[in-house]
Amino acid sequence: MRKYVALILLSLLFSCEGGILYPEPQQMVVEGWIEDGGHPVVILTSTIPVSQEFTSIDSVEQYVIRWGRVSVSDGEKTVVLSGKYDKGYFPPYIYTSTSIIGQAGKTYTVRADYRDYHATAVTTVPESVPIDRVYSVPVGNNDTLRTVHAVFRTSASQRYYKLFTRSGTDAQQYLSSSLGILDAATLGNPADVPVYRGMSVANQEEYDSHFRVGDTVVVKLCTLDEQSYRYWKEWGDAERFSGNPMFNAASNPRSNINGGIGYWCGYGRSQKVIIVK
């Protein structure tokens, strides 16, 4: 997805005193997920040392970990993932394998090792909840901007939901939909929720939360466990408030990664495609 959104790549760990920034030791950042019926995908990076100097997107590449050893276990077998260049993701390097497929109800353990970094995490894949339909509505009186909506029936056994979006012909990575973390306790049934465009580190200057007429958009609805929900909820809060000096976010979301930061999430999934009109 990725996040999936590779925004976690820019996580900064620091303390601040008297206007002076004190960097802490670098950590491994694990961004990983496995979906019902899908193969695992893991992206490894290291945290960027905090600095008062501007850090360009081009320089981020040096923090991508390409020679790690990543494995995923379902409790019965363990598969070592292969690393490969993939321009459909950002950063464009992933670890994956077709030898293991996510299955609802099963628990998966990821392990990542690189030099002195050693990280593990555990997640469970929930049952999927289907999207009934997607549609778009105009944004005010604008002739070209549209808000996409997704309609689905919440399940009694699945409380937490996450929306991701993908648009364009080249992108493979689903981006975390802005305001797209949902708790069934606050939704109607059926739920009718707006779906906003995800933001990538690579296109922040061009970002608009709405879609345009003619866009082909894939909307993905994921079910997730409480631990994953908590991570994405705190991520969304940090994303919204980090630009506000009154509510500055100076800490990372609570992670389920032992020995690093980031996330390892199991998702039930369903998706629908819409050509925005």
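**Cavities first, then strands**

Mentor: The largest cavity holds about 60 Å³ of space. By cavity I mean a set of points on a 1 Å grid over the protein atoms alone where a 1.4 Å probe fits but cannot get out; the points are joined across faces, edges and corners, and the volume is the space filled by probe spheres set on them. Keep in mind that this is a predicted model, where local features need pLDDT of at least 70 and side-chain atom pairs count only at pLDDT 80 or more, while totals for chains, interfaces and linings use all residues. Residues are numbered from 1 along each chain as its sequence is written, and side-chain values use heavy atoms, with hydrogens and water left out.

Trainee: How many cavities of 30 Å³ or more are there?

Mentor: The count is 3.

Trainee: And which residues are closest to the centre of the largest one?

Mentor: K162, S176, S177, W232 and G236, out of 12 lining residues. Lining means having an atom within 4 Å of a point.

Trainee: Which element gives the most to that lining?

Mentor: β14 does, with 6 residues. Both β14 (175–183) and α1 (226–241) supply at least two. Those names come from DSSP runs, numbered from the N terminus: helices are H or I runs of at least four residues, strands are E runs of at least two.

Trainee: How many helices and strands are in the chain?

Mentor: The chain has 1 helix and 18 strands.

Trainee: What share of the whole chain is buried?

Mentor: 49% of the 277 residues.

Trainee: New topic: strand β12. Why is it described as largely enclosed?

Mentor: Because 8 of the 8 residues of β12 (residues 145–152) are buried. L145, T147, H149 and V151 cover one side, R146, V148, A150 and F152 the other, and all of them are buried.

Trainee: Which strands pair with it?

Mentor: β11 (residues 131–138) is one, running antiparallel to β12 with 7 bridges, and P138 stands opposite R146. Two strands count as paired if DSSP finds at least two bridges between them. β15 (residues 191–195) pairs antiparallel with β12 over 5 bridges, with F152 opposite A191. β16 (residues 211–212) is joined to β12 by 2 bridges, also antiparallel, and there L145 stands opposite R212.

Trainee: What's going on at G140?

Mentor: G140 takes a positive phi near 60 degrees in the hairpin of β11 and β12, which has 6 residues between the strands.

Trainee: And how covered is β17?

Mentor: Mostly: 8 of the 9 residues of β17 (residues 216–224) are buried. It pairs antiparallel with β13 (residues 160–167) over 8 bridges, and with β18 (residues 261–275) over 8 bridges. K220 of β17 is the bridge partner of F164, and in β18 the partner of K220 is Q271.

Trainee: What does L44 touch?

Mentor: Leaving out residues up to four places away in sequence, L44 touches M28, V29, V30, Y63, V64, I65, V70, Y95 and A112. Contact here means heavy atoms within 4.5 Å.

Trainee: Last one: what order do the strands take in the open sheet of 4?

Mentor: β6-β5-β9-β10, with antiparallel pairing. β6 (78–80) and β10 each have a single partner strand, so one side of each is left without a neighbour in the sheet. Between β5 and β6 there are 3 bridges, and S71 stands opposite V80 in β6.

Note on methods. Buried means under 20% relative accessible area, exposed over 50%, partly exposed in between (1.4 Å probe, protein chains only). On a 1 Å grid over the protein atoms alone, a cavity is a set of points where a 1.4 Å probe fits but cannot get out, and a pocket is an open set with protein on both sides within 12 Å along at least five of seven lines; lining residues have an atom within 4 Å of a point.
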